[in-house]
Structures are given as C-alpha cells and as structure tokens.
Amino acid sequence: MFNYLYRKTSLLLFISFGITAFAFSLYYLFPGDLLTNMTGITNITEENYQFLADKYKINESIITQYLAFLERLYQGDWGVSINTGDSIYQLIFNLLPATIELALYALIYSFIVAIPFGVLSASESHPWLDKGILSLSLIGFSMPIFWLALIITFIFSISLGWFPTSGRLSLVYDIPPETGFILIDILISDVPYKAEAFSDALEHLAIPTFVLAAYPTTVLIRSTRQSMKSVMQKSYIKAARAKGLSTWQVLKRHGLRNGLLPVIQTLGIHFGTLITLAMVTEVIFAWPGLGALLVDAIHQRDFTTIQGGLLVISALVFLATILFDVLYMIFDPLARIRGHGKI
Amino acid sequence: MKINISEKLQKMTTKLLANVFATGLFVFLAGCQPKNETNLLANTLLYCSEGSPDLFNPQLVTSGTTIDAVSNQLYNRLVKINPQTGMVESDLARTVIISEDKMRYRFYLRAGVEFHTTDYFTPTRTLNSEDVAFSFARVFHSNHPYNKVGGGFYPFFDGVEFAQLVEQIIVVDDLTIEFRLTDPQASFLANMATDFAIILSAEYAEQLSEQGLEENIDHYPIGTGPYKYEHYVTDRYIRYKKHENYWASQPNFEQVIFDITPNNSNRVAKLLTKECDILGYPGASDVQYLENKNGIDIVEASSMNVSYWAFNTSEPPFDNPMVRKALSYIVDRDAIIDAVYRNHAEPASSLLPPNNWAYKKIDRNLDFSIEKAKAMLTEAGYPDGFDMDIWAMPVQRVYNPNAGKMAEILQQNLSLIGVNANIVTYDWGTFRKKLAQGEHDSVLIGWLADNSDPDNFFRPLLSCAAAFSGSNRSAWCNDEFDSKILQALSITEPEQRKAFYQEAENILFEQVPLVPIAHAVRYRVNRDNISGVELNPYGGISFENAKKHAKKTDKTTRAKEGKK
C-alpha cells in the first residue's frame, strides 16, 4: 500500500512539473509583450517596468524565471486579467466551486440512475430489457451534448415553462457567497427567503445536471452491465448461492462490491471528458463557472486568464484521476500488485 | 435457479428505481410548489435589458440603454412630461411661475423630499435649492469642481445649447430657485422635463469631495427616485432596492432587477420562462413570434421618431431641389414598411410624427410613381440619370431596424429611372464621423425625440446652425425655414406655434432636403400579470407605477391599456 502511494506521489510530481512547465511556456508562446503576458497589466509605465522586470526576473535565465513562477503560483500571485484587471487567483477560485458543483451533482445523478439500470440490463432473463437499455444508452452516448441541451431546453423551458433557461439562481435572490456552492450557501445564509431560494436553485440545477449527466450515465450503464455480467458468472457467486444466501444478500455481499470496482476505474478515465462537457454545459446555460470564464477569455484573448484557467482545470482533472485510482486501490487489494505507474 | 435469481434481482432493482423516482418526484414537486403571494418573487420586478448602462448619471449620456436603466428609477426632474398627453407637469417642483417676458422661470420645490440612504451615503437633510443649483451648475459652468468629473461632456445639454441659453441660476430661498434665460425660448420647459435634466444631491457631492472620490457620483448614484442603487455587476445585472421614504408614494416592489441579456433570442426565452417580467427592446420578428403565446401582453407604445433619407444639398446634383423632388417619388413606403419594419411602422408624410401635438394631417401627394420621377428628372436636366451613393447606417435603431435592406429597395427603384446607386456603410463610429464631414451623397438615418417639443425635430435636424455644427445631415440652410422655426420658438401659445411648424413643413415638402420615410412603432412586451409600465415616447422606461398581480389582469383592463 505505501509502496503504491509512493509510486503515485512520484507520478504526481512529474505531472505537476509537466503542467507548470507547459503553463510557464505559454508566456512565451502567446503573442504580445512578455511582461504583459506575465502580469496582465497592459500599459506598463517606465518606472513600473523596471520594478516588474525585477520581480518577474525576466532578464535572468529561464530556470530562474520558472522557479519564480512556481513561487508566485504558490503564493497565489497569479497576475491580473488583461481585460478586467481582476486578480486571476480570486476570479478562478470564486468560479471553481460552481464548476465542481455542476460536475458533482451530474456524477451523483448518473450513479443513482446508471447502476440500477446497469444491473437490470445485466439480467439474462429479459433480453429485450437489456436491448432497450443498451440502445437508449447508445443514443445518449452518441448525442452531442449541445444538441441535447437545446432540445431539452426547448421542450421543458420554452414550451412547457417548467424550468428556467439559464443561470444558477434567479437574480431575485441575493445570497452572499461563502463557499461558492450555491445550495450550501443558501442553507448557511440567514435570509428570510431560504426555502424559496433553495427550490429556485434546484429548478436552475435540473436541466444542466440532466444534460451533463447524459454522458457519464450511458458510460456507467454500459460498464456496470459488462462487469456485473462477468461477476455473476464467477464461481464465488455460485458458491454463495449454494450456501443459500438470498439474491439481495448475494448481490450486496459479493456481486455489487466486485461488480462496481471496474466502474470506479471507468469513472476515473472519463473524468476529463466530464469536465470538458461541463464547460460546454456552462456556456450553453450561462452557468457562471470556470468553463464559461475560459471560453470568454479565449474569445477576448485574455491570455493571463486562459493560462490560469488551463492550469487549474488540468490540475483538477489530474488530481481527480489519481483520487479515483487511489479509491480503486482501497477497494480492490488485488489491484495494488497489478501494473506500475498507471493513471 | 438462475431464472429465479434474476427475477428477484429484477424485483429489487425495480424497487430501487421506484425509490429513486419517488425522491426525484419529491425534489421536483418541491421545486414546483405554488409560490405564495407574500414571497420575494412577487415583490420583485425583473426587466431583461439589452445592454449594460455606461454609468448611473443620465446627464453624461444619450444612450437609450442607460436612460432606461437609470433616469426614471433613480432620479426625479423638476418637471416631467405626461406620457399620455405629452404636456409638461410638475415633479420635484410643485409649481413653476413664468415671467411675462418668458425670460425667468421660478421653480417652487416640494418640501420634505428625501434622498436615498445607502451603505455609502446617509443624507442629513431633504431636497433644497442647493441640490438643484448643483445639478445644473455642474453641467453649465466649465469651472465647476464637478464639471470635468466623468469627462466634462454633456451631449444632450450641449446639443440644445443649454449653457448659452441659461444666463443665471439664482437660489431665492431654500425651496425656490430661478432660472434666467438669455432668450425667451418655448422649448426650455420641455428640455427641463427630459430624462437628462435630473436632480443630484449636493450633500453627497460634498461628502465625495471630502473623501476625494468625486468619480463615484456617476457610479454610486444618489437620487430622489422610487428605487435606490444596491448592486451592479458589469454585463450581468443591476439590483435596485425600494426607496422607503419616496416622496410621491410607496414603491410597489421590494426590488427592481435589470437582467442584462444582450442576445435577442435569449431575452425572448427568458420572458417565456418567466425569468423576466418585461422584455426590453423586442425586435419586430420577436413581436410576431410572441403574438401567439399565452401569458404575454403586447402593447403598442407610441414613440416619437422618424426615419428619413437625407440628401447632401451642398453637392451637385442634389443642390437642385427638382432632383431631390424627383427622387422623393421613387420611395416606395409601403414596400419598405412591409419588408423592413414588418408592418410595425406608419408611412411618414411629414417630419413630425402623428403623436406630436404640433402634427397636422395634410394629404400630401406622396405616391410612389416612377413616371413622375422620370419626368421630373428629365425636366431637371438629367434624362439619363447619374451615379450616386446611399449611405446606410450600420446599426439597428428604433426608427430603422435595417437600413441596409431599405437601401436595397431604394437602389432597385432608382435603377428604374436610370440612377445608378451604390450602397455604402462603415462601422458606426467612422460612419458618424464621415457623415459630420459631409462626405456622403445621401444617407438613410433617423431621429428619436428627446422631448415632446416639436422644436426637437426641426432645429437639430435642419436649421442653419445645425448645418454647420453637424447634425443637419442635409447640410441644408434655408433662411425662410429658419425664420419660421425661430418664430415658433419665441412664442408659447401652442396653436400659433403649430401654425409656424406647419409652414415649416410646407417648405420642407417643396424643397425636399430630406424625404421622411416612416415612423416606427415601439412595443412594450411583458408578462400578463404586469401592469402600469410606462414607456415614455421620448426615451426611458418607468416602473414607478408598475404592479405585479397575483392573477392575470382580466381582459377588459388589458384592452383598456392597449387603447392608450
């Protein structure tokens, strides 16, 4: 186990180096003045220039510059946005919870829906059920998310008027941001309209969560089905049944635990895609998260914001992948001796 | 055995599914529970606006977006225009006494008018003459400490030469203030009633000067209006709270929110999903789409505007009135109103729109006739036609939703009389600059009135003074016409003024420095549980009397409103 964690930690170091080195190289790769790319300040005066050049060590070797960059990253001095002049560190960490929140709820939703469906479709008694679920999940898997989003919005928002089309919370409610997670913020706030705001937040969550969950749900259904199928054929299941355990007991003690292990791994592999899709979803539903910020920054050529956003998103994906991997190890002792340095 | 197991397995998952479904349904129902009437949503007015305001002081701008967002919500004027009658009535001034010679206007202010109390300012006194003097001195006196704050440009006041008109502002006592004019000008009161002539707090300005934060006066506003500033996030929203001590009445809403949504279809979608109560600047095609929807009220609001085709009369062949007259016959107003305005406009036979009090319906011969045009052009000495440019403005405005399309229609008709027209356009900034320099042959542009006074259509558009300063796009200067509109200004009796303006219109009809094309209709589009929203024909929207009803307003009240 420690050996395994040690391996993972060294991997973490290497990848961190890769990501930061790439982010650092963007200073040189983006067009425009080097110091502007680094600081985000567009009109640097003469006297300021000297001060900033010293601070950012631009006249020294690349290695020194890179080390200074790492130090600033660690201190939270990420420069300011070229367009708005806001602190990038503040900007990103104010918006990050919104992205995580959306992805997390979509993930929970897909778990709740996909696992029963996967188990159901693994049952061999009703091949039509299996076929039905499989074809539905294939449709969900292959449907472009922006198209699905528009269809759902058109039916449930525009035609039926059940759900709002955009945003996280109606502008009517003024909730002070504490954690950045809207549902938690509402619960810990002391406003008189808490219940009203909470149900409004749920209404706003409904469509984006559903749309974003479409992809992980279909992936999970398919992987649950496959692994349940193979697990239920294993001899230890037969042995358990021979002991006289009920179906529920067999499932709970042996089936699900073994069957869901590969599912955790699948999830880890698809987490990157999930974040990408979350960014698309944010843009479509005007969800004020990191993805929407990054897309705006790209449109407006706000290089400092692009760099900060890329750094945080890649770090997020990478950390989540490792986390899923560690989880997998905890649940499956066998995996600890399999393969080295896998991510 | 195997079958048995999977059956049980199926049963179990079904149970689980049922549970998930039940939880989902619960959350869903919780979300859809009927809103009770005392909640915040019922006490909030949501307006979907088309853009962000430049700042929070209308003195410094002419942009309709800013006026809509700011003027009537945060501020009051000394006098205001009744949107129904178009007449000037009292606002912060309870009475106005005008001297015999029409050179002195004495305003008697209301007592006990409270300014907003916010996180950044707590007033210690109510409105007095100092505030009025401050508000106007800032605009007029270039050496006033606040004159240069925010750039020092006051486009509306500069345009009507207000600084030259007002000789002196005299504080008579606490609640009396007198304006002395250099010239007896009938449009003075109408200009005082525009959305630009708002009253600021002198006490707040003093406090800001002490703190060295003068710039804040235009960004963290203090006024006397029904709502006060709470929060603004650029390009996202503005939140106003109720002004509890509003002098006129208790405001109907706890808060008014401007949801800034520049995309047209997103705004329409938000109206349909009840995320907005009122839709800002609906396009003609949106109005058509919304007409068949349930729960949406569409009311035609009068708007004082005109779109026209102006000829550069300093350039041949347009210096010849006959040529201009000939070209006026090729304007097919019906086709334009159908294709460009989608029938949301009236054909214009005069510069003044029909809802202006000085308008008089005269049946001028405005037929579209290629033969007449051809004959007249031959008579003028151009039997084979000529080459010309039509400049089409690149932006969409209330008075002209699509100048490019209009230019194409004209181009086609011109080709029938042998005139070869070339359509020219630039980006809006360059366009206006080149226009002011007189580089055009002819231009498709328009005018949206700032106030109810007919003068606002004549002097800025066609006077000799405007021909030199730039807003006269025809570069036309006619002494007879000028004397008519100046005479109309020097008297206050409406019927006499009307007669002068009609004479001016006649000269216009003969000389054709420009061809009026259409008066566009503006729409007020809102959810059917909203009433009392006032769309001022001269600019800003007002929510002062707006109400949100628990149930739909019944058909009869709606019909009544529609007739206004």
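Is B:Asn312 buried or exposed? At 1% relative accessibility, B:Asn312 counts as buried, where buried means under 20% relative accessible area, exposed means over 50%, and partly exposed lies in between (1.4 Å probe, protein chains only). The model is predicted, and local features need pLDDT of at least 70, side-chain atom pairs count only at pLDDT 80 or more, and totals for chains, interfaces and linings use all residues. Residues are numbered from 1 along each chain as its sequence is written, chains are lettered from A and ligands numbered from 1 in the order in which they are written, and side-chain values use heavy atoms, with hydrogens and water left out.

**Stop one: around B:Asn312**

Select B:Asn312, which is found in the loop between strand E13 (305-311) and helix H10 (321-328) of chain B; helices (H or I, at least four residues) and strands (E, at least two) are DSSP runs, numbered from the N terminus. Next show B:Gly438, whose backbone oxygen lies 3.2 Å from a polar atom of the B:Asn312 side chain. Leaving aside neighbours within four places in sequence, the residues in contact with B:Asn312 (heavy atoms within 4.5 Å) include B:Phe318, B:His440 and B:Arg473.

**Stop two: helix H3 of chain B**

Select residues 129-140 of chain B, the 12 residues of helix H3, which at 1.5 Å a residue should span 16 Å, and whose end C-alpha atoms are 16 Å apart, which agrees. The expected span is 1.5 Å times one less than the number of residues in the helix. At the start of H3(B), look for B:Asn128, which brings a side-chain oxygen to within 2.9 Å of the backbone nitrogen of B:Glu130.

**Stop three: salt bridges**

Side chains of opposite charge can pair when their charged atoms come close. A salt bridge is a side-chain nitrogen of Lys or Arg within 4 Å of a carboxyl oxygen of Asp or Glu, and the structure holds 19 of them over all chains.

Select B:Asp277 and B:Lys548, whose side chains meet in a salt bridge (3.1 Å, N to O). This pair links distant parts of the chain, 271 residues apart, with B:Lys548 in strand E23 (residues 547-548) of chain B. B:Asp277 counts as buried at 5% relative accessibility, whereas B:Lys548, at 21%, counts as partly exposed.

Then select B:Arg497 and B:Asp453, which meet in a salt bridge (2.9 Å, N to O). B:Arg497 lies in helix H18 (residues 494-511) of chain B and B:Asp453 in the loop between strand E17 (442-448) and helix H15 (455-462), so the pair ties together parts that are 44 residues apart in sequence. B:Arg497 is buried, with a relative accessible area of 4%, and B:Asp453 also counts as buried at 4%.

Technical notes:
A polar contact is a pair of N or O atoms within 3.5 Å; within protein, one must be able to donate a hydrogen and the other to accept it, and residues adjacent in sequence count only if both atoms are side-chain atoms.
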